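Hi everyone, thanks for making time.

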Amino acid sequence: MKENREERIASIVLIIFSATYLTGAFLIPMPALKQQLGPGGFPIAIGFAMLILACVYAWQQFRGGATAQESEEEIEKRAVIIGAEEKIEKKADLRTMGFILGLMILYAFFFEILGYAISTFLMFMAGVLYLDRRHLVRDGVIAVISSFFLYYVFTILLRVQLPAGPLKFLEY
Amino acid sequence: MDFLSNFWGNVVLGFSVAGTPFNLLLCFIGVFLGTLIGVLPGIGPMTGVALLIPITFGLKPNAAIILMAGIYYGAMYGGSTTSILVNTPGESSSVVTCLDGYQMAKKGRAGQALAAAAIGSFFAGTFATLMLMLFGPWVAGIALNFGPPEFFSLMVAGLTVVTSLAGRSLVKALFATLFGLAIATMGIDNQSGVPRFVFNNPELMDGLEFLVVAIGLFALCEVFVNMADMKGAVMERLTIKGSLWMSKEDWKRFFPSCIRGTLSGFFVGGIAGAGAAVASFVSYGLEKKASKYRDELGHGAIEGVTGPESANNAAAGGSLIHLLCLGIPGSGTTAIMLGALLMIGLQPGPLLFTQQPEFVWGLIASMYIGNVMLLVLNLPLVGMWVKLLDIPLYLLMLFIIMFSFLGVYTVNNSVQDLFLMVGFGVIGYLMKRLDIPAAPVILGIVLGKLMEEKMRQSLVISDGSLMIFINRPISLFLLLLAIVAISNPYWPQIGRGVRRMFGGAPAV
């Protein structure tokens, strides 16, 4: 029997999501001028279709039993023929993933406050320290290049606006 | 004669656009970065093109597409190198190449395998470009007669064909497409000015930025997937022994499979609208049936490398026909390219060929040039590319995070976009865990606005009757095509049912 607790939860989440979207679509105000379909028509159609599919998905997951078992092999065979993406390993290193997620959120938070160069440097070094600290010097140099050096490449050479942060006085 | 002189004029125009030093440089940078992306494990063409879109912002549309196209087919080339030498496909369309490519390398024939892949790709890429030149204007001419109903049905057909090929479960893939369409409805409605799903957030008035979703779902998702399993397998790398040159015998076996691969790949990509990965699998299947040496397949037969590699490049070129002539992407990567073009302010479609010939023909010419550059870049320099695999995974992941933030921030200078992108990264990881394909989401987002517009225009024409989609023959045909695509996975079951009914033994 395939472990499908995750999929069952997901199917319920998708039903809730679809229903919420559909409700939102119904609440879209209609303009005074009568139009064919109006602004709400297309979202309502999509909402209904999503809800139906989410229900089918849930039904597939909760039906369980022998029929699902049988089709598993078929599905895999088809996947090989059309070259579907490889399934990923279910067992995940949650600690590392949590760290990376936290790192990204902090990076986003400080991106403008500290400016691109400083926030990138800190993000990079934090990542290196957590993931692999055997080559600190090399990785430190890479961090400096990709934060400070790249800041100038982007702002001066490519004329892309990046937040300067406290380093405003260094601005070109 | 008129056609010929026209044609010749266009070719000259194209090369005059692509041949300027700046565009040549961009083409080179494109194929170079593309090969880099193709070789690096964990960054597929979709992630690569999405990450590199921000560098095209400062460019003119025609320079931007030359760069993006270079990245696109460069990645197709590069993916094969790691398949052959490391048994790790750089992207999904090179998965099949591992089967025979790695076996050839193990037998000390890595050089020949790489040569077969590169020359096959070159041949197929050139062929696909030629076909684009010959048939592009023709397809665009047909599409010029399309009204809103036909376009709507065409988009429905395009979405369903791609969706039906996207993953293991049709329900999941369809849901992903609809999810994309739902995201596309966010923002102010163009026709009535009514805000939809904006949540009183001024930054969402223009809708959710497509790049935010694309980079989140592909690039950051890739980071999460790799972080979840950091202690991944150690790669065993094979070195290239002996010469790169193929023997007479190799050439003799090379050509038939190359031609088969090119034709089948072009058919799959250019006509059926499916992506390069599908094409490579179809081609391998074809080699198994048609090749004289089919027994050697899987044990290092040159056909197993040539066929799929020709096919995926032919398909990549072929799906550009859809993108340029119809404005409808046939794969995840072309969807991202379409999104990028829309951001620059260019709407690909049938009018492109007549209104902006320098754009289309410049691109086509640059593809010829890019193909030649790739051949040079990949064969003699293959050793350099393999060295890239020495980059530790954690550094690569930190670079991806950095480039993702850089790219998304430059679009709107918005920190909110960064948070949304991280959110989509998490969604992307969950989707991957649940085996829900992400490419259809992008397709939905990119086509959503246009699809709704065409639907509403159609209903204005018909005064609200949905019959307009069925009454017009071309529209009806396209909708039937969509139904066939959706029911496709159930054919074997239906077929078996029919066979059982007639008492025959069920074939496997």
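Let's begin in chain B with H3(B), whose buried residues are B:Pro45, B:Met46, B:Thr47, B:Gly48, B:Val49, B:Ala50, B:Leu51 and B:Leu52. By buried I mean that 20 or more other C-beta atoms lie within 10 Å of the residue's own, with 12 or fewer being exposed, anything in between partly exposed, and the C-beta atoms placed from the backbone. Helix H3 covers residues 45-52 of chain B, and 8 of its 8 residues are buried, so to speak mostly covered. Helices here are DSSP runs of H or I with at least four residues, strands are runs of E with at least two, and both are numbered from the N terminus.

Quick housekeeping. This is a predicted model, where local features need pLDDT of at least 70 and side-chain atom pairs count only at pLDDT 80 or more, while totals for chains, interfaces and linings use all residues. Residues are numbered from 1 along each chain as its sequence is written, and chains are lettered from A and ligands numbered from 1 in the order in which they are written.

Back to H3(B): what covers its buried residues? The cover includes helix H2 (21-39), H4, helix H9 (210-228), helix H13 (332-344), helix H17 (393-412) and helix H19 (439-461) of chain B.

Two of those, H13(B) and H19(B), pack at about 30° with their axes 9 Å apart. Axes are lines fitted to C-alpha atoms, for helices over the stretch in contact, and angles run from 0 to 180 degrees between N-to-C directions. The pair is therefore roughly parallel, a label for angles under 35 degrees, with over 145 being roughly antiparallel, 65 to 115 roughly perpendicular and the rest oblique. Their crossing is left-handed, as in the near helix being turned anticlockwise from the far one by less than a right angle; clockwise would be right-handed. The contact uses B:Gly332, B:Ala335, B:Ile336, B:Leu338 and B:Gly339 from H13(B), and B:Ala439, B:Ile442, B:Leu443 and B:Val446 from H19(B). Contact means C-beta atoms, placed from the backbone, within 7 Å. By class, that contact has 7 nonpolar, 2 polar and no charged residues. Nonpolar is Ala, Val, Leu, Ile, Met, Phe, Trp, Tyr, Cys and Pro, charged is Asp, Glu, Lys and Arg, and the others, Gly among them, are polar.

H4 (residues 61-86) of chain B also meets H15 (residues 357-378) of chain B, with axes within 9 Å and a crossing of roughly 35°. That crossing is right-handed. Residues in the contact include B:Gly70 and B:Gly74 of H4(B), and B:Gly362 and B:Gly370 of H15(B).

Zooming out, chain B has 22 helices and 2 strands. Of its 508 residues, 60% count as buried. Its C-alpha atoms fill a box of roughly 70 × 60 × 55 Å along the principal axes.

And the partner chain? The contact takes 61 residues from chain A and 58 residues from chain B. H2(A) gives the most to chain A's side, with 12 residues. That side has 38 nonpolar, 11 polar and 12 charged residues.

Leaving out residues up to four places away in sequence, A:Met104 touches B:Ile401 and B:Val422.

Note on methods
Contact = placed C-beta atoms within 7 Å.
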